[in-house]
Amino acid sequence: MISGAPFALSLALQRSYPRLYDHVARLTRERRLGTSPQLSWPAWCGFPVGLAHDVLVQHYNYRQQGVEPFLFSAMAGWRIERRAMLLSARQARLLHEIPECNDVPVSELYKLPWKCLYLEYPDTLPEMLQGALGSFLFMDYYGPGQEQLVMLLHLDTYSVEPICFPITGKDRTLADMYDDWRGAMEKRPSNVDESLFGLSMVLCRINLGVISHICGRHEELGEEALLN
C-alpha cells in the first residue's frame, strides 16, 4: 500500500504557496487551447521546471535558488495521474546489484507511461537506503532539443533533493547518462555532503533500474511491483 508521503508534500507546498495549483490549471488550459503561443511543451512533460520557477517568481516573489521549482514541477505532473509504485526490499537489492540499465536508449524515456511517477522505497531495507522515503521520476523540457530526466529524491517528510540527467543525444543510453552524472559528481566541491552523495549514487542506480524494468529490460524483477 502506498503511503501518504507525496500527498503530504503536495499539501505542504500548497500551504507555502496558496493557489499554486490554480496557476497550473490555468497555464495548462492556455497551452491546450493555444491562446498563449509561448506556452508550448511536449505531451510527455507534465509541467516544465522553468515554467514552475517563473510562476513562483511572478506570483510569490520567489528569489531563491532552491528546490521549490523542482518540487512544484513534480507535484504538478504527479497530481495529473497520481501514479505510484511500491518497491519491495527484494527488488531494491536486485536493482542495486545488477548492471546499470546497460543498453536502454534514452529515446525510451519519451515513451514512459506517466507524467511523474512516485517510487516508494520499502521500510525494511539494508543500510544502503536508510533515510530515503522515495523518489519522484519525471521528464523535464526547457527548450527545443533541451530535455532532462529529473529524479527528485524524497529524503524525509518535507525534504527533497533534485538530481538532473541532461539528455545530450538520443543515440545514447541510460548507462551513458548515469556515467556522465557520476563523473561530474566525483569532481564535486569538497564541501558536498559525502553521505548524501553515497545515498544518491545508490538511489540513482535503483531508479534507473526501475525505468529499465518499465521499458521491459529487467524481467528478473518479477511482477510484484504494480502501478496503482
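Some ground rules come before the tour. Residues are numbered from 1 along each chain as its sequence is written, and side-chain values use heavy atoms, with hydrogens and water left out. Because the model is predicted, local features need pLDDT of at least 70 and side-chain atom pairs count only at pLDDT 80 or more, while totals for chains, interfaces and linings use all residues.

Let's start with the sheet. Helices (H or I, at least four residues) and strands (E, at least two) are DSSP runs, numbered from the N terminus. Two strands pair if DSSP finds at least two bridges between them. Here, 5 strands make an open sheet. Their order is S1-S2-S3-S4-S5, and the pairing is mixed. At the edges sit strand S1 (83-86) and strand S5 (159-167), each pairing on one side only. From one strand to the next, the twist averages 20 degrees. S1 and S2 run parallel, joined by 4 bridges. Look at Ala-84: its bridge partner in S2 is Tyr-118.

Helix H6 (residues 174-186) lies across strand S4 (147-156) and S5. H6 runs at about 120 degrees to S5. For such angles, axes are lines fitted to C-alpha atoms, for helices over the stretch in contact, and angles run from 0 to 180 degrees between N-to-C directions. Contact means heavy atoms within 4.5 Å.

Next, charges. Side chains of opposite charge can pair when their charged atoms come close. A salt bridge is a side-chain nitrogen of Lys or Arg within 4 Å of a carboxyl oxygen of Asp or Glu. How many salt bridges does a search of the whole structure find? It finds 5. One of them joins Asp-22 and Arg-19, at 3.0 Å from N to O. How open are these two? Buried means under 20% relative accessible area, exposed over 50%, and partly exposed in between (1.4 Å probe, protein chains only). Asp-22 is partly exposed at 42%, and Arg-19 is exposed at 60%.

Another salt bridge links Arg-26 with Glu-30, with the closest N and O atoms 3.5 Å apart. Both lie in helix H2 (residues 20-33), 4 residues apart, so about one helical turn separates them. Arg-26 is partly exposed at 28%, and Glu-30 is partly exposed at 21%.

On to the rings. Rings of Phe, Tyr and Trp (its six-membered ring) pair if their centres lie within 6.5 Å; planes under 30 degrees apart count as stacked, over 60 as edge-to-face and the rest as tilted. The count comes to 9 aromatic pairs. Among them, Trp-44 and Tyr-110 are edge-to-face, 5.1 Å centre to centre, with 70 degrees between the planes. This pair links distant parts of the chain, 66 residues apart. Tyr-110 is buried at 17%. Elsewhere, ring pairs link Trp-41, Phe-47 and Phe-72 into a cluster.

Last stop: Met-75, in helix H4 (residues 68-81). Is Met-75 buried or exposed? It is buried, because its relative accessibility is 0%. Leaving out residues up to four places away in sequence, Met-75 touches Pro-6, Leu-9, Ser-10, Leu-13, Tyr-21 and Phe-136. Take Leu-9: it is 66 residues from Met-75 in sequence, yet 8.2 Å away in space, C-alpha to C-alpha.
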